[in-house]
Structure formats: C-alpha cells, structure tokens
Amino acid sequence: MTIHWCGTGLSAIPGLRRLIEAGHPVTVWNRTVEKARAELGDLTDDIRAFDIDALGAVLTKGDLVVSMLPGDWHVPLAELAISKGAHFVSSSYIAPEMRALDDRARAAGVSLVNEIGLDPGIDHLMAHELVADYRASDAFDAQNHLSFISYCGGIPKHPNPFRYKFSWSPLGVLKALRSPSRSIRDYAPLDVARPWDAISSYTAPLPTPESFEVYPNRDSLPFMGQYHFEEHWPVKEFVRGTLRLNGWAEAWTPVFREIEALKGPEGDARLKQMSDQFWAENAYDEGEPDRVVLCVGLKAEKDGRAVWHKSYVMDAWGDARGTAMARLVSIPVSLAVEAVLNREIPAGVHAASSDPKLLARWMDEVGKLAQHLQIVNHAA
C-alpha cells in the first residue's frame, strides 16, 4: 500500500510531511522535482516528476492517490485510481464529473474522498456537528424556522491598504469574482450575478467580537441536503460564503468595475495582467503571518424567537509551523487519507464525513491547528 501524493504547492506541505513523518509509505509526485526536494528532501528521496502515465505504471490495488494539483487533474486521476483498484483523496469541491464516478467506485470497492480541506472541508465538519447537535436537542422541532451561515476567509494578519494579500497567483481569486452565486434569503432563493452585488456585514463571535464583510459564493442550495436538512424544514436563510476584512469592498471597487467590463480573449489577457500586478504589489512577504477566520452558525426560531442558536468559530494565523492556510488545507487531507486506509470511509464518492467518530477525532486535530476554536451558544 503506497500513498501517491501529487502536487507540492504551498497548501500541500504540512499534511504531506505529517504522513511521511508518521511512517506511511509515500511517493511524492510533482511537476517540478527540485521544488518538491526543497520542501521534503529532509524526509524522503522518493520524489518523482509527475506524469499520469508514469503514475499509472506503478499504481497498484489498495494504493491511494492524493491530488493537490489544479482541479482539471482530479477526475483523470480518480478514473486512473478506480481502474487500478486504488483510492483517491482531494480537498476540492466535487465536480459533476467526479460525482458521476460514484457507481464505478462502489463497484471497484474504492473510496473517492473530496471536500476535505479548509473550505470545503472543516466548514462541512462544523456544519455536520451543529446539525447533529440541534437534532438531538430538546429544542428540535421540524416546524422551527432555520437560519444557517458559513463564512470563511483567508486574510492578512496585519491588514494592508488593499485589505487582502495573496499566498499564490491572484488569478483564481479574480476569476471567482466573475462567478454567480445562489443562496436562500427570506425563505426564497437569492441569485447574485457578482459577489459585490451582495456584500453585507457579519460580526464573528470571536473572544473579542469582530466585524467582517461577507458575500455568498457558488451555489449554496445543494449543501442543504449534504448537511442533512430535511426538505420539509422551513429555511429562512442558508448561505455559504466568503469573509473579507472591513474596507475590502471599497479598496477593490476599481477592480470590480474593470472585471465587469472584461470580455472574451482580450478580457482573459487583461485578467492575467491584473493578476501579475496584484502578485507583485500584494503578495505575502517571507515569514509574514496570514490569518484564517471560519464561522459556521445554525439558528432555530419558533414564533419569531430563537430557541436554539450555536456558532462554530475558528481563528488561526501563521506561526513557527508555517501558514495557517497550508496546515488547515493539507492536514485534513492527511486525516482523510488515514481514514480511507483504515477502512473507515465506505466505497463511493464522498465529501467530508458526518460520521460522529471521525468528526470528533478530526475536529480535535483541527483544534491543535488553530489558535482559537470554540462553539458559542448564543441562546444560553
């Protein structure tokens, strides 16, 4: 049994080092061998140039493939894993093409685990725990009106005028700003063409409460089923979104205006220019601490009064262990790898587990990664 870890970018290293240090047999695959050696050469010499055919030649039944490569590699690597009777883990969202592999994975008896990083990942774990807690409470009533929020953001520990800093190429952030979102507000779907059309304020229940700018992203609605919401429950609000420092919208207004006007190949070229400029002007300096804030909340109301209301809140920042983002993305991946190899996750395509035993164990580990992790009971 060998773990084939593909990709050693900035968000991959802590979890990968954890698996190697724990004694798991790991082969590291990276497009640039020298970069991987610089990060891992003190632990292993089993580092190879990534090539899917070369990986396929050595992949055997019972092995596990981790993809920390760009998203377009996930499905081909998952298909390769199935064909060899191997498992697959990634931190990324489950694309429709990945979801479509469920039957094949089940038939092959292999697990394809995704959405087990930070966001998606730790946010799912928090949501599962809150929903299970609410269901088991005396306040539970299928007629209660529910409000759910999940906001996550990587932000600079020491704010800059741009109100944001980049750990890697800004192109992904810029492309995300062109994406529509869907959430629930006032019991009805809210469709938003651009994030800046739905920016609001949110006060995070940190030890010292702190307000942030937040906006919905992607399509939140499918996650109602994933979080075990029943179809007949009245849902007043349901949103998964992004968290930014106060002042972000104002600092980025010129960016929003320009992005709105970009079209076609020329627009894509200009987006790349903007990305290069932002990287030059607003990248993290060597050793500069980043910060990650994640808040997941669930509130149940009856006759307009809150009868159950809890929030899971996490605050983490870069320290001697490296960046908060890297450890919060990659260490949950490594935990999922171990769970798959221990046969704790069934065959098929899965996101972050709602299994109570895994949940408790994984959140205990998350508590060691973050400087602050707490469940706040607002109704106490």
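Student: How much helix and strand does the chain have over residues 25-113, and how far apart are the end C-alpha atoms?
Tutor: This is a predicted model. Over residues 25-113 the chain is 42% helix and 21% strand. The end C-alpha atoms of that stretch are 19 Å apart.

Student: What does UniProt call residues 25-113?
Tutor: The UniProt record, an unreviewed entry, has "domain: Saccharopine dehydrogenase NADP binding" there.

Student: And which feature does UniProt place at residues 117-367?
Tutor: That one reads "domain: Saccharopine dehydrogenase-like C-terminal", again from an unreviewed entry. Over residues 117-367 the chain is 35% helix and 29% strand. There the end C-alpha atoms are 14 Å apart.

Student: Let's go to β1. Which strands does β1 pair with?
Tutor: Strand β1 is joined to β4, residues 64-67, by four bridges, and the two run parallel. With β2, residues 26-30, β1 also pairs in the parallel sense, over four bridges.

Student: Where does W5 sit in that pairing? Which residue is the bridge partner of W5 in β4?
Tutor: V66 is the bridge partner of W5 in β4. On the β2 side, W5 stands opposite V28.

Student: Are the faces of β1 buried or exposed?
Tutor: Both faces are covered. I3 and W5 are buried on one side of the strand, H4 and C6 on the other. In general, side chains in a regular strand alternate between the two faces of the sheet.

Student: What handedness does the β-α-β unit of β1, α1 and β2 have?
Tutor: Right-handed.

Student: α1 again, then. Which pocket lining takes its largest share from α1?
Tutor: The lining of the second largest pocket; α1 gives five residues to it. The pocket has a volume of about 720 Å³.

Student: How many residues line the second largest pocket, and which lie nearest its centre?
Tutor: The lining has 28 residues. L10, E286, G287, G322 and T323 lie nearest the centre.

Student: What's the lining like by class?
Tutor: The lining of the second largest pocket has 13 nonpolar residues, nine charged and six polar.

Student: New topic: β8. Which way does β8 run against β9, and over how many bridges?
Tutor: Antiparallel, with five bridges joining β8, residues 181-185, to β9, residues 188-192. I184 stands opposite P189 in β9. The two strands form a hairpin with two residues between them.

Student: What about β12? How many bridges join it to β8?
Tutor: Two bridges, and β8 and β12 run antiparallel. Strand β12 covers residues 235-244. R185 stands opposite E237 in β12.

Student: Why does D186 count as exposed?
Tutor: D186 has a relative accessible area of 55%, and exposed means over 50%.

Student: Where is the cis peptide bond?
Tutor: It joins D119 and P120, with omega of about 10°. P120 lies in the loop between β6 (111-113) and α7 (122-135). Most peptide bonds are trans.

Student: What about V349? Is it buried or exposed?
Tutor: V349 is buried, because its relative accessible area is 8% and the cut-off for buried is under 20%. V349 is in strand β15, residues 348-350.

Student: How far is V349 from S90?
Tutor: They are 259 residues apart in sequence and 11 Å apart in space, C-alpha to C-alpha.

Student: And D197? Where does D197 lie?
Tutor: D197 lies in the loop between β9 and β10 (200-204). At 53% relative accessibility, D197 counts as exposed. D197 and A283 are 86 residues apart in sequence and 26 Å apart in space, C-alpha to C-alpha.

Note on methods. Residues are numbered from 1 along each chain as its sequence is written. This is a predicted model: local features need pLDDT of at least 70, side-chain atom pairs count only at pLDDT 80 or more; totals for chains, interfaces and linings use all residues. Side-chain values use heavy atoms; hydrogens and water are left out. On a 1 Å grid over the protein atoms alone, a cavity is a set of points where a 1.4 Å probe fits but cannot get out, and a pocket is an open set with protein on both sides within 12 Å along at least five of seven lines; lining residues have an atom within 4 Å of a point. Grid points are joined across faces, edges and corners, and a volume is the space filled by probe spheres set on the points. Ala, Val, Leu, Ile, Met, Phe, Trp, Tyr, Cys and Pro count as nonpolar, Asp, Glu, Lys and Arg as charged, and the others, Gly among them, as polar. Buried means under 20% relative accessible area, exposed over 50%, partly exposed in between (1.4 Å probe, protein chains only). Two strands pair if DSSP finds at least two bridges between them. A crossover is right-handed if, with the strands pointing away from the viewer, the path from the first strand over the helix to the second runs clockwise. UniProt positions are given in the numbering used here, feature names are shortened, and annotations may be inferred rather than shown by experiment.
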